[in-house]
Amino acid sequence: MTPEENDLLCRVTGNAPMGQLMRRHWTPICLIEEVMEPDGTPVRAQAFGEELVVFRNTSGRVGVIGEHCPHRGASLVLGRNEEDGLRCLYHGWKFDIQGNILEMVSEPAGNRMATGIKHPAYPAKEWGGIVWAYMGPPETMTEFQPPAWAPTADTKVTIAKVVLPCNWAQVLEGAIDSAHSSSLHSSDMVPTADAAGAEATESTWLRPSNDKAPRMQIDRGSYGFRYAAIRKPIHNADLNDYVRSTVFVAPATALIPPNNLYNVANINVPADDTTTVFYFIAWGHPKQTPDTAAWRKFLGQTVGEDLDHAYRPLRNRENNFWQDREAMKAGNFTGITGFPNQDVAMWCTMGAITNRSADHLGASDIAVVEFRKQMLKAVRTFQESGEAIGTGARAIPKEICSFQTMVPKGSDWRSFEVNPVWDTSAQDNKQANHSAQIQGA
């Protein structure tokens, strides 16, 4: 990539084309748990370089509005959340969730100034544990559609949130890069001959392959693409292949291959050009998907232990991400606890915006190359026509999902019928039916 292409891919603030494309999608703004209480403490948020405040009003509705009061620019995060509005401390101006000025107590009675001022405010939706907003032009707004990782109201969704000091695209590239997991996460995603597929325990994810150099194949779509990382299994490698298929949902979501109990995904929101809000998600059947505290503990992303109260990692470049060299000597590959923290160390040490023109890419980087090509094409199309990838009829079909499975050697993973992991009986039945097709099973 040229430096100019790198900027086109990465820059999202102001009128940057990529940021404007992303604004045509509903965007995560914060966790619902951050604004649970009516008239509770407002929350500071940021997306595409725009500073926002999120609050739940007296009636229980969530508002996403500009952080800075249009009077003199003071922060509304410090405001009084009361009587269905947010009141600025400086002069008492009060705003509703639509950005209308309800009161201007510093102005004389009868002053009609408020009718000529509309404070920035965005339509908001609560779904899947997240407060979403539509930040594009009102005339382009589409009806909110549940994301692939929270398809129904009864889906259990568990989220860890981390605010990272690096650009969204290098985080996304890490999320869709299947090859790195065999090295970087080898102490947490453990090869074992005892596993029939990816299996979750309380401390590790087991895999039936120790192949560190998977073959990659791409299947393109209007929503993004999916690809397969095809590895040799530990058992019956002459007869079967082990397939892990990841899905990139444009502009910034990855559906990660599941384990035997629940599905995995992440979504990456550019706070600005050099800051990303990373949501790491477990989802699926309520009885099998981990609870919030257990999920964050497993990942090493607990607020107050691993993160500060603004969701920023306490592990950082200055303290080498709490890397334990003695643990490495004892056999741990990275010495960094929690496999997302291993990713974070890689993403953050690449720089605020990595210099892709210096990359030396190989066969294992096919998904990264496809992402770059597809999103550069998408942003240029958007500049020419206003058409945004993955919107409207171009959205991801419901039958597309990530998966992992054994397939007979020579068969096409694209034709394998899959569904998200939901409950044990369904998985057992599917695996039993599929096992009959696997040679040497």
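Reply: A nonpolar core is a set of buried Ala, Val, Leu, Ile, Met, Phe, Trp, Tyr and Cys residues joined through side-chain atoms within 4.5 Å. Buried means under 20% relative accessible area, exposed over 50%, and partly exposed in between (1.4 Å probe, protein chains only). The model is predicted: local features need pLDDT of at least 70, side-chain atom pairs count only at pLDDT 80 or more, and totals for chains, interfaces and linings use all residues. Residues are numbered from 1 along each chain as its sequence is written, and side-chain values use heavy atoms, with hydrogens and water left out.

Me: What makes up the largest nonpolar core, and which residues have the most contacts inside it?
Reply: The largest such core has 96 residues, and Val 54, Trp 149 and Phe 371 have the most contacts inside it. At least three of its residues come from each of domain 1 (25-135) and domain 2 (156-415); these bounds come from an automatic or database domain assignment. Another core, of 13 residues, lies apart from it and includes Val 53, Ile 65, Cys 88 and Met 104.

Me: Which residues does Val 54 touch?
Reply: Contact means heavy atoms within 4.5 Å. Not counting residues up to four places away in sequence, Val 54 touches, among others, Ile 29, Val 35, Val 62 and Val 131.

Me: Why is strand 17 called largely enclosed?
Reply: Helices (H or I, at least four residues) and strands (E, at least two) are DSSP runs, numbered from the N terminus. Eight of the eight residues of strand 17 (residues 224-231) are buried, so the rest of the structure largely encloses this strand. Both faces are covered, with Gly 224, Arg 226, Ala 228 and Ile 230 on one side and Phe 225, Tyr 227, Ala 229 and Arg 231 on the other.

Me: How many bridges join strand 17 to strand 18?
Reply: Two strands pair if DSSP finds at least two bridges between them. Eight bridges join strand 17 to strand 18 (residues 240-249), and the two run antiparallel; Ile 230 has Val 243 as its bridge partner there. Strand 16 (residues 215-221) also pairs with strand 17 in the antiparallel sense, over seven bridges, and a hairpin through two residues joins them.

Me: What makes helix 7 mostly covered?
Reply: Nine of the 11 residues of helix 7 (residues 339-349) are buried, including Phe 339, Val 344 and Trp 347.
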